[in-house]
Amino acid sequence: MPQFVSVAEAHTRIQKALTTLDAESVALTDALGRTTAEPVRSPGSLPPFDNSAMDGYALRAADAPDVPAVLPLAFSVSIDAPERQLPGGACARITTGQPLPPGADAVIRVERTEEDGDRVRITHPVNEGQNVRPAGENVQAGETVVSEGQVLTPAAISLLASVGAAEVSVRRVPQVAVLVTGDEIVPHTETPPPGAIRDSNGPALQAMVHTAGGEARVVHASDNRQALRDTLATLRDVDALVVSGGMSVGRDDLVREVLTSMGASWAFSKVKQRPGKPFGFGVWDGVPVFGLPGNPVSSAVCFEVYVRPALARMLGRDQFHRPRHVATLTEPLRVKAGLHYFARGIATSSEEGCLEVCSTGAQGSGISRSMWAANCLIHIEEERTDPQVGERVEIEWLPGAP
Ligand code: AMP
Ligand code: MG
């Protein structure tokens with residue numbers, strides 16, 4: 001099995017190793033951002049009854065064939081007597097959302113009437129069905145309102161509340177361990193001694209996991225076989241393992257060797273891409289292992305390209321890749337032949353309303369500001385040569401992009 005694979009092959013091999021997480025039931029009010037595990041059907045219709053779209057008067061349109069017309073005011077529609085029958089030839093006062101009284105078939109809005117004691121003068125023509133919201137116009141009884149594999153947004157929660165879904169079946173939150181390696185790395189809360197740097201990948205990956213719908217616990221281990229083995233032994237209960245650094249070919253890159261000795265097998269160890277060429281993927285005791293390069297940009301790009309969609313797939317989301325669009329380049333890019341290039345890009349809309357994109361500037365894999373400035377990744381496929389101004393490229397929106 002080749003270990004140095006294309007981006008497409010890397011995706012295929014990762015997908016093959018993933019399984020969908022179990023479902024659990026949660027209160028609707030705790031379900032924001034969760035992914036549905038089964039379709040939700042509405043037991044009844046919405047709205048449940050014909051009701052008024054306006055403040056005004058309910059009547060039978062045929063009782064006011066010519067205007068102006070004067071009708072006796074029979075009553076005000078009330079929550080205490082929602083079924084009260086409208087007598088023939090009369091009208092009833094009604095407010096927006098109140099049920100249309102039996103016998104009425106239209107509502108004339110208040111601005112088109114004059115109320116005078118117990119009589120109402122209708123000044124404008126009225127047609128059957130006017131200003132009436134029929135039962136079921138929003139949702140029909142038995143209809144699926146939210147299908148399986150959907151992320152619950154505030155709008156979905158609104159819909160589910162109105163059909164009475166007090167609890168929803170959602171996928172379990174993926175529990176992810178982030179193993180940060182490197183003797184030169186100290187926790188970001190400490191002042192690094194000479195030659196050391198703060199850990200930025202740990203907090204960054206934890207945040208990325210969170211925005212991908214998971215929960216991450218970050219652990220640190222030094223570049224030492226025993227320390228790695230001891231730390232890894234505490235991480236067997238997770239749904240995915242994300243390793244930062246130590247996966248490359250340097251003398252201190254021991255994670256692969258240690259994981260292999262503990263039973264992991266590898267689907268690939270390098271990808272034809274830049275940044276993030278030393279990205280490797282394997283499975284350890286059923287747990288997918290994403291070996292991200294230590295450089296902050298490489299690690300973030302690999303997370304976006306591989307780990308985020310993998311978590312979405314484990315959550316059973318039907319849409320597990322970020323949305324893509326075609327944009328026109330406004331600056332030339334330099335690429336390396338044979339490698340799929342992920343430039344960090346800023347996409348904007350031109351005056352004509354077309355998408356344009358440029359890079360965020362210097363693209364070195366240690367320049368994490370290039371990731372912060374970006375709203376998209378620009379994909380330059382491995383077979384392409386240096387793309388020029390005006391060429392069309394595919395962009396993949398980063399989370400948080402407008
Ligand atoms: P590695 O993949 O371990 O060879 O690391 C490559 C580069 O990324 C080195 O310059 C490291 O210092 C840097 N690096 C590794 N891990 C981290 C981290 N957690 N936070 C910030 N930089 C890191
Ligand atoms: Mg290292």
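A contact is a pair of residues with heavy atoms within 4.5 Å of each other. I note at the start that this model is predicted.

**Entry 1: contacts and overall form.** I looked up the contacts in the protein with a separation of 6 or more, and found that 70% of them join residues 24 or more positions apart. For secondary structure I recorded seven helices and 28 strands. The radius of gyration is 30 Å, whereas the globule rule gives 21 Å for 402 residues, so the protein is more spread out than a compact globule. Along its principal axes, the C-alpha trace spans about 95 × 50 × 45 Å.

**Entry 2: surface and burial.** I read an accessible surface of about 19200 Å², with 51% of it belonging to carbon and sulfur atoms. Of the 402 residues, 45% are buried.

**Entry 3: the largest nonpolar core.** Which residues touch the most other members of this core? I found Ile14, Phe268, Phe279, Phe290 and Tyr306, out of 40 residues in the core. Elements giving two or more residues include helix H1 (7-17), strand S14 (175-181) and helix H6 (296-314). H6 supplies the largest share, 11 residues. I also noted that the core lies between domain 1 (4-21 + 173-314) and domain 4 (325-397), because both give residues to it.

**Entry 4: Ile14.** I then set aside the neighbours of Ile14 within four places in sequence. The contacts of Ile14 that remain are Phe268, Phe279, Phe281, Phe290, Tyr306 and Ala310.

**Entry 5: a second core.** I found a separate core of 21 residues, among them Ala221, Val238, Met262 and Ala264.

How values were computed:
Residues are numbered from 1 along each chain as its sequence is written. Chains are lettered from A and ligands numbered from 1 in the order in which they are written. This is a predicted model: local features need pLDDT of at least 70, side-chain atom pairs count only at pLDDT 80 or more; totals for chains, interfaces and linings use all residues. Side-chain values use heavy atoms; hydrogens and water are left out. A nonpolar core is a set of buried Ala, Val, Leu, Ile, Met, Phe, Trp, Tyr and Cys residues joined through side-chain atoms within 4.5 Å. Buried means under 20% relative accessible area, exposed over 50%, partly exposed in between (1.4 Å probe, protein chains only). Helices (H or I, at least four residues) and strands (E, at least two) are DSSP runs, numbered from the N terminus. Domain bounds come from an automatic or database domain assignment. The radius of gyration is taken over C-alpha atoms; the globule rule is 2.2 Å times the number of residues to the power 0.38. Accessible areas come from the Shrake-Rupley method with a 1.4 Å probe; for residues, only the protein chains shown count as cover.
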